Structures are given as structure tokens and as C-alpha cells.
Amino acid sequence: MEPGKLIIKIAALLFILVQLSAYTMADRSAGDGIPYEIADRYFLKNDVGNEMPSVITDAAEFNEYFGMATVMGGIPTPIDFSQNYVITVVLPQTDTVTRLEPVSLKQGCADNIIFTYKVIKGEKVSYTMRPILVVIVDRQYGTDVQVCSERN
């Protein structure tokens with residue numbers, strides 16, 4: 001392969017990688033929505049009951065409910081609670097593979113914001129799980145949040 005073509009291919013690959021890594025919080029909002037980021041590699045602790053706050057504003061409270069899942073060499077999404085807070089969705093235990101997916105985060109009527117998510121169910125399995133979704137939001141948008149499940 002000619003050196004010029006190789007350089008072009010490498011440059012194109014680097015451009016694609018930079019674009020993928022630029023998939024930031026601002027990119028997670030749809031249109032005029034509020035930007036957010038999904039917090040990956042966290043798990044719900046076994047001793048957590050059914051009563052969960054939908055908004056957590058500090059690390060100490062977050063650590064009461066969630067632990068870091070540092071498996072397969074991955075690291076959890078960093079959360080800077082001095083600038084951000086998290087919205088949490090935790091469903092009851094189920095034996096059906098269940099995934100929670102954010103739909104929108106938008107300004108509400110007053111000073112509140114509305115977070116909408118959808119529940120995607122799969123096949124029945126021989127174990128139980130508690131589906132969770134944690135999204136990171138900038139504090140500038142306020143912490144008065146209404147959480148709604150999208151109707152299927």
C-alpha cells in the first residue's frame with residue numbers, strides 16, 4: 001500500500017475515533033432537551049430496599065445505594081457531585097431480562113425537569129435481577145425532577 005493512502009486511512013480512523021469519543025453529555029439530549037450522560041458500570045447493593053430516591057446529589061448518599069462494577073478492566077463513569085447530580089431508576093426484582101433506556105430529559109412547566117425512560121423486556125431467565133438506570137445531569141438545570149416511564 002502506498003504511504004500516502006496509508007496516512008489517509010490512519011487520519012480517517014483517528015477522525016472517527018475522535019468523533020466517537022466526543023459523544024458527550026450534550027450529545028445525549030434530543031433536540032431542545034437537557035444534556036445528560038448514562039453512568040455505566042455501577043450496581044445496586046444487595047441490601048437496598050424498594051425505597052430509593054430518584055435524585056441523588058452527593059457521593060455519600062450515592063455510595064449507600066450503589067457500588068462500582070470494575071469488571072473486565074472497565075472503569076465506572078466518573079461522577080463529579082460538586083457539578084452534577086444523578087437521576088436513578090430502580091425497578092423491583094424480576095426474572096425477565098429487563099433493560100431501562102432513557103427517552104428524554106426536558107424542562108417542565110415550572111422549575112422542574114421531566115425525565116422519561118422506557119422499559120425493554122426480554123426473555124425469562126433462571127435468575128433474578130433488579131434493573132437500574134443512572135443518568136448524570138449538570139446541577140445548573142436544577143434537581144427538582146419528575147421521573148416517568150414511557151407507556152408502551
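**Ground rules**

I number residues from 1 along each chain as its sequence is written. Since I'm working on a predicted model, local features need pLDDT of at least 70 and side-chain atom pairs count only at pLDDT 80 or more, while totals for chains, interfaces and linings use all residues; side-chain values use heavy atoms, with hydrogens and water left out.

**The sheet**

I looked up the strand order and found an open sheet of three strands, 6-7-9, with mixed pairing. Strands here are DSSP runs (E, at least two residues), numbered from the N terminus, and two of them pair if DSSP finds at least two bridges between them. Strand 6 (94-107) and strand 9 (145-149) are the edges: each has a single partner strand, so one side of each is left without a neighbour in the sheet. From one strand to the next, the twist averages 30°. For that angle, axes are lines fitted to C-alpha atoms, and values run from 0 to 180 degrees between N-to-C directions. A reminder to myself: strands of a sheet pair through backbone hydrogen bonds, either parallel or antiparallel.

**Strands 6 and 7**

How many bridges join strand 6 to strand 7? I get eleven, and the two strands run antiparallel, with strand 7 covering residues 113-129. I checked two of the pairings: T94 stands opposite M129, and Q107 has I113 as its bridge partner. The link from strand 6 to strand 7 is a hairpin through five residues.

**T116**

My cut-offs are under 20% for buried, over 50% for exposed and partly exposed in between (1.4 Å probe, protein chains only). Apart from neighbours within four places in sequence, T116 is in contact (heavy atoms within 4.5 Å) with P102, V103, S104, C148 and E150.

**Cysteines**

I searched the whole structure for disulfides (pairs of cysteine sulfur atoms within 2.5 Å) and found zero.

**P131**

Next I went to the loop between strand 7 and strand 8 (132-138), where P131 lies. P131 counts as buried, at 2% relative accessibility. What does P131 touch, not counting residues up to four places away in sequence? I find V89, V90, L91, P92, T94, T98 and L100. P131 and L100 are 31 residues apart in sequence, but their C-alpha atoms are 6.8 Å apart in space.

How values were computed: Helices (H or I, at least four residues) and strands (E, at least two) are DSSP runs, numbered from the N terminus.
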